[in-house]
Amino acid sequence: MEILQLLNQASKYLKDKNILSHRIDSEILLSKVLDKSREELILNLDKDIEKAKVSKFKGLIYRRSLNEPVAYILKKREFWKKDFIVNRNTLIPRPETELMVEKIVNIFNNRNISILDVGTGSGCILLSILSELKHSKGIGIDISKKAIDVANKNLKDHKLLNRTKFLRKSLDQIRNKKFDLVVSNPPYIMKKDIRNLNDDIKKFEPKLALDGGNDGLDVIKKVIYKSKSILKFNGMLALEIGNGQLKKVSKILKTNKFRTRYLVKDYQENVRCILSTLAM
Ligand SMILES: C[S@@+](CC[C@H](N)C(=O)[O-])C[C@H]1O[C@@H](n2cnc3c(N)ncnc32)[C@H](O)[C@@H]1O
């Protein structure tokens with residue numbers, strides 16, 4: 001079967017299953033099976049594909065038709081400037097999180113700082129920051145052992161072993177240490193809203209990474225309270241928040257004596273990250 005014919009077939013199949021990104025997903029998955037770039041694929045639409053590869057591709061398309069995200073099928077997602085291993089135990093890194101990383105890298109520029117990443121998941125935030133801040137070091141913690149296993153694989157791939165540690169720990173277990181930067185993209189979705197998420201997320205991404213409790217703020221509050229005692233003088237807290245949580249989180253920060261320094265907006269102009277310091 002020719003590439004074009006196969007792509008058309010797969011794309012129609014996914015469209016009928018209400019997968020909005022049916023065409024691009026088909027192209028990405030076929031690129032993977034053929035081990036070619038999407039550009040090469042498009043330039044070779046009339047090329048024949050061998051049977052074994054056709055059936056492998058159909059298997060991947062079937063998985064996608066059940067709403068499994070492409071990142072989990074490929075076991076990787078690009079974030080900041082590199083590929084990260086991901087699986088169903090880790091959130092798929094999001095573009096708005098890259099905007100938080102960008103802001104942090106700009107603020108701390110070339111400095112030597114110590115970082116705590118709370119809820120590190122795949123490790124994407126900490127490893128991306130450390131790949132830019134070459135004199136800094138950091139610890140990433142997560143309560144999910146399986147997420148920490150993935151973060152450790154990414155750590156090896158990204159060759160930052162001498163400056164990074166990933167630990168299976170909850171925030172309460174962090175004692176006797178102080179950091180220049182506490183960063184977190186915590187779970188912040190209200191429990192009752194989880195069932196309204198689209199199937200890609202709801203059926204496949206880990207609940208631990210999504211569920212922020214009844215008001216969506218359970219872990220955010222924990223991070224704020226704990227940061228008061230683990231931030232160094234003038235240290236910074238960088239928090240990713242959900243759309244619409246700015247007012248509530250700002251209030252909690254203020255009550256806990258944090259002063260907002262920067263707000264980062266996503267591509268839809270919603271504030272999605274608050275960077276604050278302890279007001280002395
Ligand atoms: C939204 S995900 C973020 C993952 C990753 N940092 C990213 O931005 O893609 C939140 C992560 O926090 C972890 N988590 C949830 N509650 C936690 C807690 N109390 N202490 C540490 N980690 C927690 C979850 O297991 C999950 O991996």
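**Figure 1. Two domains of the predicted chain.** The centres of domain 1 and domain 2, taken over C-alpha atoms, are separated by 34 Å. Domain 1 covers residues 3-66 and domain 2 covers residues 79-278, with bounds that come from an automatic or database domain assignment. This is a predicted model, in which local features need pLDDT of at least 70 and side-chain atom pairs count only at pLDDT 80 or more, while totals for chains, interfaces and linings use all residues. Residues are numbered from 1 along each chain as its sequence is written.

**Figure 2. The whole chain, for orientation.** Here you can pick out 12 helices and nine strands; these are DSSP runs numbered from the N terminus, with helices being H or I of at least four residues and strands E of at least two. Along the principal axes, the C-alpha atoms fill a box of roughly 70 × 40 × 35 Å. Buried residues make up 36% of the 280 residues, where buried means 20 or more other C-beta atoms within 10 Å of a residue's own, exposed means 12 or fewer, and partly exposed lies in between, with C-beta atoms placed from the backbone. Of the contacts with a separation of 6 or more, 64% join residues 24 or more positions apart; a contact needs C-beta atoms, placed from the backbone, within 7 Å.

**Figure 3. The shell around the ligand.** Take a look at G119, G121, N185, L208 and A209, which come nearest among the 24 residues around the ligand (C-beta atom, placed from the backbone, within 6 Å of it). Elements giving two or more residues to this shell are α7 (124-132), β4 (137-142), α10 (207-210) and α11 (218-230). By class, the shell has 14 nonpolar, eight polar and two charged residues. Nonpolar here covers Ala, Val, Leu, Ile, Met, Phe, Trp, Tyr, Cys and Pro, charged covers Asp, Glu, Lys and Arg, and the others, Gly among them, are polar.

Figure 4. Setting aside neighbours within four places in sequence, L239 is in contact with S184, I220, V223, V249, C273 and I274.

**Figure 5. Positive phi at W80 and K159.** Neither residue is a glycine, yet W80 has a positive phi of about 55°, and K159 also has a positive phi of about 55°. W80 is in the loop between β1 (76-79) and β2 (82-85), and counts as partly exposed because it has 18 C-beta neighbours inside 10 Å. K159 is in the loop between α8 (145-158) and β5 (164-168), and its 11 C-beta neighbours inside 10 Å make it exposed.

**Figure 6. R259 on strand β8.** R259 is found in β8 (residues 258-265), and counts as exposed because it has 11 C-beta neighbours inside 10 Å. Leaving aside neighbours within four places in sequence, R259 is in contact with S276, T277 and A279.

Conventions
Contact = placed C-beta atoms within 7 Å.
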